[in-house]
Structure formats: structure tokens, C-alpha cells
Amino acid sequence: MPFDKLFEAQLDALKAEGNYRYFADLTRKCGQHPRAKNHHDGGVRDVTVWCSNDYLGMGQHPDVVAAMARTAMECGTGAGGTRNISGTQHQHLELEQELADLHGKDAALVFTSGYVSNWAALSTLGARLPNAVILSDSLNHASMIEGIRHSRAQKVIWKHNDPEDLDRKLAALPANATRIVAFESVYSMDGDIAPIREIVEVAEKHGAMTYLDEVHAVGMYGPRGGGVAEQEGLMDRVTLIEGTLGKAFGVMGGYITGSAALCDFIRSFASGFIFTTALPPAVAAAATTSIRHLKVSQTERALQRRQVERLRARLDAEGIPHEHNPSHIIPVMVKDPVKTRMLSDYLMDEFGIYVQPINYPTVPKGTERLRFTPGPRHTDADIDHLVMALKVLWKQCAIARKTA
């Protein structure tokens, strides 16, 4: 059977649609975020990264780097096993205590990624709670969708950020259903923020558990970086808060927080936790250091917000269409997969600007975009250079501008 021809046929179709993913070969240099080296066509060129999820540059913070290096020298590289079989290191327990404190919860549980924490937690809740029904926001992340699917629980999809639709769908469920409302705070592609208070009130009205994904919000919002739920004073009313260590905290890993019984339940039954090697202790130590820093420092968040506001104002001044939202994510809308890829290539080749094109299936067809995430170390000159480049390319590629 010519399997490679079957693979290649589908890959060729993906390329023809403009939806094939090309990876930029980058080398980040410590202390120079958001600068990087791009290895390309046998050479190396300097680029400025505009699409990193290391939103605050904490992956290169001296204290975070030092914590990782010191712990690696003290403990070695890997954890040595699963959490159950020799892999639970003291650094994991310190990290979990720090995360529980961050979200005002009794306990926390650390996973190897945010994808795994969502997949494992939702699949376990849906599979093991009696008569479980998971009510999922229509724009929830793929990791949440996969967890719900794997649970084989009944799934009900409610309209994006629509508490009234959620209310109707909760009311229609049978009395014996265990209701789980799953949603995000900051949605990564459009940058919109959920009406958490209204959603929580609807869930409480129907006796439902709330499952809140804060991966794009932790470190970024709230006085201590606890996310949008902290900013709104709602953490105590959310049953389970899930987050990541790989975005604003600048390391890697995912986690859940909640009651001691809830976290022990997931720890005891989630295959995605039980059967995978634990995070390296050096990674856990670095994450703990990053969280502790962002609990007390407002500097990174304040500078980041300033640069987000400045880029939005400059884009508006030039008529470059972008989604207006209350978050730190700036989607510049192109609405054509081929042009989105072409713009990304031109920005890299001609201007030293790296931003990854966002095409289907990450976003619906016809909503293709460039997704910019300004950070505290993007300078005013970086923003001016980016907007100048977009202005030139918008004209060259004959893309519609936004009129006042």
C-alpha cells in the first residue's frame, strides 16, 4: 500500500488551500527578548518576535533562569519517573502550593502542559461523575473539546459568551444531571473576555460546577496575576480554575486548582496525570520563581498594557483593521489564507518581523489573521517599525483598510 502517496495527497491539498503550517526556525537569546535569530536558507538573520505567548518575557527573567539553572545543577535534568513512581520532587509540591495560593484554593495539581491539564481534568470529570453533562462554550479550545469528547459524557454547546443561552440549556437538563459549565476567560484568537460573573451566577442558579480555563490570563490580570477571575473578585466562586505555566509565566506545564477533594480526585483517576513523566524539577522551580515574582511586581503588566494600547492606537491611525477587545491580544484581520501567509513571509523577509499566520482550522475560514501580542520589551520604535511595514504591505497586497 503506497501510504506516503496518501499522506502527500492530503498535504498537497492543505498547501493549495494556503493552510499548511510552516515552522520558523528560531533561536532565542537570553536577555534579548523579543529578539531572536531566524535560521533560513543556510543563513541566520535577526528578527523581532511579535507572536510569542511568553507575554511578559518571563522566560528570560534573570531570577527565573537562575532558578532553573541552579535546580538542574542540584537535581539533574528529568524528574526520574511519573509522579506516582519516584517522580514527585519537592519542587513539584512547592509549585502546587504556590499555585493554590495564587488562586485562593485549597490545592493544585501540575501537569506537563495546559493541553494535558484540560484534556485530563475534563475527561475525568465527565467520565466519573454520575450523569455528567458538560456545557461547553462554542469557542472553547481544542484541548477542552478533546477532553469532553474522551469523557463520553453528554455534551451541550452554548453560544459563545452568552449567559442567557447557557441558562436556557441548563434549565432543559434532567434533574439528576451533574452539570459542568466549561469556558475560558480570555479567548486566544479573538482576544475577547468572558462575562465570568454572569456565567457563574447562571451556573450557581442551576447547581452547576464551573470549570474556567485561564491560560491566556494567568500572570496578566488581577493584582497578583491570578487571572480575570481574580481581577473580578470571583475566584472563590469558580469550582476549578485551570491555567498554564507556558505563557505569561514563561516556562512550561499546566495545572488545575480547586478544593483538596477535587484535586485528589483528578490526581487519583486522570490517566493523563497518572501515566506521564513528571515535569523536570528545574522547570517546576523556575515556574515557582516566576509566579512569586508576578504576584508582587506590577512592572511587567503595566509596561505590557502600555504597549498594547500604543499599538492599537497606531493601527487605528493607519486604518489597519484589527479586532477591538479588552485583552492583550491584537488580531489583525486579513480574511484570506493565501494573503495571510504572504504577509507573514513579507514581514519576515523584508522587515525582520516574525508573526505567524493564523489560518483554518485554528480559526474559521474567512477570518484568517495575524495575531500580535505586544510585550513589555517591545519598544516604541518596534511598534513604529511594525506599523510602517503593515502600512506598506497593506497597499502592496491591495487589502482593504478600515475607514473612520
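**Note on the predicted model**

1. Pro361 sits in the loop that runs between β13 (357-358) and β14 (369-372); helices (H or I, at least four residues) and strands (E, at least two) are DSSP runs, numbered from the N terminus. Tyr360 and Pro361 are joined by a cis peptide bond, with omega about 10 degrees. A cis peptide bond is also found between His33 and Pro34, where omega is about 10 degrees. Pro34 belongs to the loop between β1 (26-28) and β2 (35-40).

2. The basis of this note is as follows. The model is predicted: local features need pLDDT of at least 70 and side-chain atom pairs count only at pLDDT 80 or more, while totals for chains, interfaces and linings use all residues. Residues are numbered from 1 along each chain as its sequence is written, and side-chain values use heavy atoms, with hydrogens and water left out.

3. Two further backbone points deserve attention. Most residues other than glycine have a negative phi, and most peptide bonds are trans. Arg152, although not a glycine, has a positive phi of about 65 degrees. Arg152 lies in the loop between α6 and β6 and is exposed, with a relative accessible area of 80% (buried means under 20% relative accessible area, exposed over 50%, partly exposed in between; 1.4 Å probe, protein chains only). Lys335 likewise has a positive phi of about 65 degrees and is not a glycine. Lys335 is placed in the loop between β11 (330-333) and α14 (337-351), and its relative accessible area of 54% makes it exposed.

4. Which residues of helix α6 are buried? In this helix (residues 142-151) they are Ser143, Met144, Gly147, Ile148 and Ser151. Viewed down the axis of α6, these buried residues fall within an arc of 135 degrees, so they line one face of the helix; the arc is that of the directions from the helix axis to the C-beta atoms. Their cover includes α5 (114-128), β5 (132-137), β6 (154-158), β7 (178-184) and β8 (209-213).

5. The largest nonpolar core has 53 residues, of which Leu135, Val181, Phe183 and Leu245 touch the most other members. A nonpolar core is a set of buried Ala, Val, Leu, Ile, Met, Phe, Trp, Tyr and Cys residues joined through side-chain atoms within 4.5 Å. Helix α12 (residues 281-296) gives the most to this core, contributing six residues. A second, separate core of 30 residues includes Val47, Cys51, Phe351 and Leu393. Leaving aside residues up to four places away in sequence, the contacts of Phe183 (heavy atoms within 4.5 Å) include Met144, Trp158, Ile196 and Leu212.

6. The model has 23 salt bridges, each defined as a side-chain nitrogen of Lys or Arg within 4 Å of a carboxyl oxygen of Asp or Glu. In one of them, Asp46 pairs with Lys37, and the closest N and O atoms are 2.5 Å apart. Asp46 is exposed at a relative accessible area of 54%, whereas Lys37 is partly exposed at 35%.

7. Asp264 and Arg267 form another salt bridge, with their closest N and O atoms 2.9 Å apart. Both residues lie in helix α10 (residues 260-269), three residues apart, about one turn of the helix. An α-helix has 3.6 residues a turn, so residues three or four places apart point the same way. Asp264 is partly exposed, with a relative accessible area of 39%, and Arg267 is partly exposed, with 42%.

8. Arg306 and Asp380 meet through their side chains in a salt bridge (2.9 Å, N to O). This pair links distant parts of the chain, 74 residues apart: Arg306 is in helix α13 (residues 299-318) and Asp380 in helix α15 (residues 380-396). Arg306 is partly exposed at 41% relative accessible area, and Asp380 is partly exposed at 28%. Through shared partners, salt bridges join Arg306, Arg310, Arg314, Glu318, Asp380, Asp384 and Lys391 into one network.

9. Asp384, in helix α15, is partly exposed, with a relative accessible area of 30%. Asp384 touches Arg310 and Arg314, not counting residues up to four places away in sequence. Between Asp384 and Leu315, 69 residues apart in sequence, the C-alpha to C-alpha distance is 9.8 Å.
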